[in-house]
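Student: I would like to learn how to read a few features of a protein model. Could you take me through them one at a time, with the general idea and then the case at hand?

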Amino acid sequence: MGDVVHNLPVVGDLRASVPDCRIDWVVEDAFSAIPALHSGVDQVIPVSLRRWRRHPFAAGTRREIADLRSRLRQTRYDEVIDTQGLLKSALLAWMTHGHSHGLDWKSAREPLRVFYDKVYAVSWSAHAVQRNRSLASKALGYAISETPEYGIAVRSESMASLESAFPVKGTGDLAVLLHASSAARKEWPENDWVRLGEYLAAQGMISVLPFGNAEERQRSERLAVRIPGARVPPALGLDQQAALMSGARIVVGVDTGLTHLAAALGRPTIGLYRATDPAATGLYGSSRALNLGGIGMKPSSDEVASATQRLLEKI
């Protein structure tokens with residue numbers, strides 16, 4: 001999900017440089033709600049690579065891949081840009097009609113030169129957002145602005161869907177706490193979440209604890225028992241979670257795609273890092289976002305509470 005969010009500024013760059021261009025975005029179906037938030041995207045084309053990998057030889061998988069290839073080749077694109085630089089994304093670029101662009105062998109995570117018509121060097125020292133913007137600008141020959149624009153907004157139907165599933169209007173200031181991550185090494189200890197939740201409650205805020213699976217739901221419920229006034233929503237779709245975060249007074253989350261999405265939505269957001277380098281993939285391009293911690297450096301609950309106060313004072 002983070003990779004998808006990190007590509008949103010490319011859309012704004014393209015629209016500013018080539019105003020009459022048409023932009024189609026091929027994306028994993030679980031994350032297709034994210035590019036759909038950007039008015040500059042003409043068509044979102046979902047794919048199911050994760051599911052296909054689990055059943056690569058099933059008749060249904062072969063049929064769906066054939067259908068996707070047929071759909072991609074119905075349009076003769078002028079340019080096809082693979083910013084992810086993985087075998088799966090390179091194969092999708094290869095399936096598409098159009099002059100293809102990608103990272104050179106020193107800049108990509110996998111050697112993929114054979115799949116592209118032209119490749120480019122992009123510095124590994126740059127943040128992921130800037131890497132994506134740099135690749136696209138080199139491919140199409142335009143200059144990029146200093147500050148990225150994510151350009152997304154939650155649609156009214158998503159707000160209505162959230163209100164139907166989890167009414168929050170008029171309940172008070174919300175603090176969305178994103179405790180879940182795909183990797184245990186990225187998690188923040190439960191006791192720290194409780195202490196932060198207690199601090200937020202003392203400031204008059206209601207902590208909301210979303211979840212993505214059964215294990216995460218159990219953690220949300222454990223935390224809600226210990227955090228005064230905390231609420232656990234039902235299972236929410238990605239568009240509903242975006243709507244929830246767009247109305248939050250503050251969002252605090254571990255290194256996960258939802259935390260990046262909150263910052264891209266312009267909400268005051270704090271990213272907590274323990275196992276990854278925020279200089280490479282942290283919250284980026286927003287004056288209302290802060291990164292705390294780093295590889296082997298767990299932020300304390302006091303540090304996070306202090307950072308929360310600083311962000312809220314800016315509002």
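Student: Where is S134 found?

Tutor: Helices (H or I, at least four residues) and strands (E, at least two) are taken as DSSP runs and numbered from the N terminus, and on that basis S134 belongs to helix α5, residues 128-140. This is a predicted model, in which local features need pLDDT of at least 70 and side-chain atom pairs count only at pLDDT 80 or more, while totals for chains, interfaces and linings use all residues. Residues are numbered from 1 along each chain as its sequence is written, and side-chain values use heavy atoms, with hydrogens and water left out.

Student: Is S134 buried or exposed?

Tutor: Buried means under 20% relative accessible area, exposed means over 50%, and partly exposed lies in between, with a 1.4 Å probe and protein chains only. S134 counts as buried because its relative accessibility is 18%. Contact, meaning heavy atoms within 4.5 Å, links S134 to V122 and I144 when residues up to four places away in sequence are not counted.

Student: Which residues are in contact with Y142, leaving aside its neighbours within four places in sequence?

Tutor: With those neighbours set aside, Y142 is in contact with V10, D13, L14, S17, A136 and S137. Y142 itself sits in the loop between α5 and α6, and it is buried, with 13% relative accessibility. As for its distance to another position, Y142 and A248 are separated by 106 residues in sequence and by 36 Å in space, C-alpha to C-alpha.

Student: What does the side chain of S220 make a polar contact with?

Tutor: A polar contact is a pair of N or O atoms within 3.5 Å; within protein, one must be able to donate a hydrogen and the other to accept it, and residues adjacent in sequence count only if both atoms are side-chain atoms. Here the partner is the side chain of H179, at 2.7 Å. S220 is part of helix α8, residues 214-226, and is buried at a relative accessible area of 0%. Apart from neighbours within four places in sequence, the contacts of S220 are H179, L209, P210, F211 and V232.

Student: How many salt bridges does a search of the whole structure find?

Tutor: Side chains of opposite charge can pair when their charged atoms come close. A salt bridge is counted when a side-chain nitrogen of Lys or Arg is within 4 Å of a carboxyl oxygen of Asp or Glu, and the search of the whole structure gives 11 of them. One of these joins R51 to E64, with the closest N and O atoms 2.9 Å apart. That pair links distant parts of the chain, since R51 is in helix α2 (residues 49-54) and E64, 13 residues away, is in helix α3 (residues 59-73). Both ends are partly exposed, R51 at 34% relative accessibility and E64 at 28%.

Student: Which parts does the salt bridge between R249 and D173 tie together?

Tutor: The side chains of R249 and D173 meet at 3.5 Å, N to O. R249 lies in the loop between α9 (238-246) and β8 (250-254), and D173 in the loop between α6 (156-165) and β6 (174-178), so the pair ties together parts that are 76 residues apart in sequence. The relative accessible area is 29% for R249, which is partly exposed, and 36% for D173, also partly exposed.

Student: How far apart in helix α7 are D192 and R195?

Tutor: They are three residues apart in helix α7 (residues 190-202), and therefore separated by about one helical turn. D192, R195 and K298 are linked in a network of salt bridges.

Student: Which residues form an aromatic pair?

Tutor: Rings of Phe, Tyr and Trp (its six-membered ring) pair if their centres lie within 6.5 Å, and planes under 30 degrees apart count as stacked, over 60 as edge-to-face and the rest as tilted. The count by this rule is one aromatic pair: W188 and W193 are edge-to-face, 4.9 Å centre to centre, with 90 degrees between the planes. W188 and W193 are both buried.
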